[in-house]
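Have a look at the chain below before reading on. The report then walks through its backbone, its contacts and its charged pairs.

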Amino acid sequence: MITTLAAIAMATSVPEPVDIGRVFTKGEKLQYEVKSTIQAQIRQGELQTFLPQDFDINYKFTTEVVSLKADGIGEIRYSRPTVTEIEGETADSMPKTKVTKLGWLFLLEVSPINDLVKMTDLKPPAKKKDTRIRAWSSAEGEHVQTLDVGQFIGEIHRLSLFAGGVDSALDFSPKLPYDPVALGETWKRTVGYSPQTLKGAGDKSAVQRLDYEYTYRGIVESGGRKVHRVTADLKLDTDAAKFINQALRMRPDQSGLKEMKLILDATIEFVLDLKTRRTLEARAKSTGSVKIEGTELGNTYEEKINGGSTMTLVASK
């Protein structure tokens with residue numbers, strides 16, 4: 001009888017919480033490859049139908065742990081030399097490939113929960129000419145602003161593919177829990193994302209909060225070895241025009257911007273090394289839409305998005 005009760009207790013016991021905090025090692029060098037693609041449907045101005053277009057954003061980055069600090073923080077040299085953007089074939093043009101030399105080189109302090117504690121730019125970019133286009137104008141012709149709508153759309157693509165800046169990309173994800181977690185346990189983390197720099201507001205950025213909910217899925221088999229599995233969900237429904245106009249201290253009829261609405265629904269699956277909890281692979285899927293509307297008739301841009309991204313550890317030593 002006692003044996004039977006013991007067996008039942010063992011069968012129904014709940015697994016103990018586990019620490020999945022990142023463990024850094026001095027001298028550790030990692031190289032990752034990020035590949036992503038969007039299938040978009042675009043409509044502009046008075047056009048009635050949506051036209052299909054594909055976009056790819058691909059890049060590689062490397063990290064090197066140069067020193068270890070207190071509380072398990074790693075001082076990391078981060079490099080992202082280039083990014084390749086591919087605009088798919090349309091009815092009017094052939095595929096276009098653009099390789100941009102970023103030359104990103106940062107010294108980061110990263111905590112065991114993958115928070116960026118400090119970022120130092122080791123190669124500050126040279127000042128560039130202002131190439132922002134005159135996108136919207138007010139009905140009275142006063143207080144005309146040069147909002148960079150083209151840049152905004154590009155940043156929305158990067159956000160939906162998690163291929164933007166170091167803060168919002170997959171590069172230092174997932175954001176891990178502060179304490180040990182049990183199977184099925186969830187935690188929430190917020191990161192900042194700046195989709196638009198505002199000329200006329202002291203070059204301030206319209207910062208958007210991104211709220212993630214993570215779930216620990218336990219230890220599973222992947223590629224013939226045991227790993228930790230974590231998933232993340234992101235839901236975003238916001239009108240960026242509100243905080244852009246607020247930052248500019250203007251009404252919509254003055255800025256010419258009525259609506260800049262973004263909807264995004266995304267899921268990400270992470271595979272983490274069993275011992276170091278470094279990310280071995282991440283797979284993201286997203287759906288969403290963008291709608292930009294000016295106060296003048298015909299100043300509209302709409303886009304429906306289906307995106308997918310992978311981040312893979314391709315080399316380590």
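What follows is a short tour, from the whole chain down to single residues.

## The chain as a whole

Please keep in mind that this is a predicted model. The chain has 317 residues, and 43% of them are buried. Its secondary structure consists of four helices and eleven strands.

## Backbone details worth a check

If you plan to look at torsions, start with the peptide bond between Ser173 and Pro174, which is cis, with omega at about 0°. Pro174 sits in the loop that runs from helix 2 (149–161) to strand 6 (186–198).

That loop also holds Phe162. Phe162 has a positive phi, near 55°, although it is not a glycine. Is Phe162 buried or exposed? Its relative accessibility is 1%, and the cut-off for buried is under 20%, so Phe162 counts as buried.

Arg277 is another non-glycine residue with positive phi, here near 60°. Its place is the loop between strand 9 (257–273) and strand 10 (279–294). With a relative accessibility of 13%, Arg277 is buried because that value is under 20%.

## Around Asn114 and Leu116

Asn114 belongs to the loop between strand 4 (96–110) and strand 5 (116–121). Its relative accessible area is 3%, so Asn114 is buried. Which residues does Asn114 touch, leaving aside those up to four places away in sequence? They are Arg22, Phe172, Ser173, Pro174, Lys175 and Leu176. Both partners of the cis bond, Ser173 and Pro174, are therefore among the residues that Asn114 contacts within 4.5 Å.

Leu116 lies in strand 5. At 25% relative accessible area, Leu116 is partly exposed, because this value falls between the 20% and 50% cut-offs. Beyond residues up to four places away in sequence, Leu116 touches Leu108, Glu109, Val110, Val166, Asp167 and Phe172. Leu116 and Lys175 are 59 residues apart along the chain, and their C-alpha atoms are separated by 10.0 Å.

## Salt bridges

How many salt bridges does the structure hold? There are 15 salt bridges. In one of them, the side chains of Glu28 and Arg22 meet at 3.2 Å, N to O. Glu28 and Arg22 are both buried.

Lys188 pairs with Glu213, with their closest N and O atoms 3.9 Å apart. This pair links distant parts of the chain, as Lys188 is in strand 6 and Glu213 in strand 7 (residues 204–222), 25 residues apart. Lys188 is exposed at 63% relative accessibility, while Glu213 is partly exposed at 31%. Lys261 and Asp237 form another salt bridge, with the closest N and O atoms 2.8 Å apart. Here too the pair links distant parts of the chain: Lys261 in strand 9 and Asp237 in strand 8 (residues 225–239), 24 residues apart. Lys261 is partly exposed at 28%, and Asp237 is exposed at 55%. Finally, salt bridges with shared partners join Lys258, Glu259, Lys291 and Glu293 into one network.

Technical notes: Residues numbered from 1 in each chain as written. Predicted model: local features only at pLDDT ≥ 70, side-chain atom pairs only at ≥ 80, totals over all residues. Heavy atoms only, no water. Helix = DSSP H or I, 4+ residues; strand = E, 2+ residues; numbered from the N terminus. Buried < 20%, exposed > 50% of the residue type's maximum accessible area, 1.4 Å probe, protein only. Salt bridge = Lys/Arg side-chain N within 4 Å of Asp/Glu carboxyl O.
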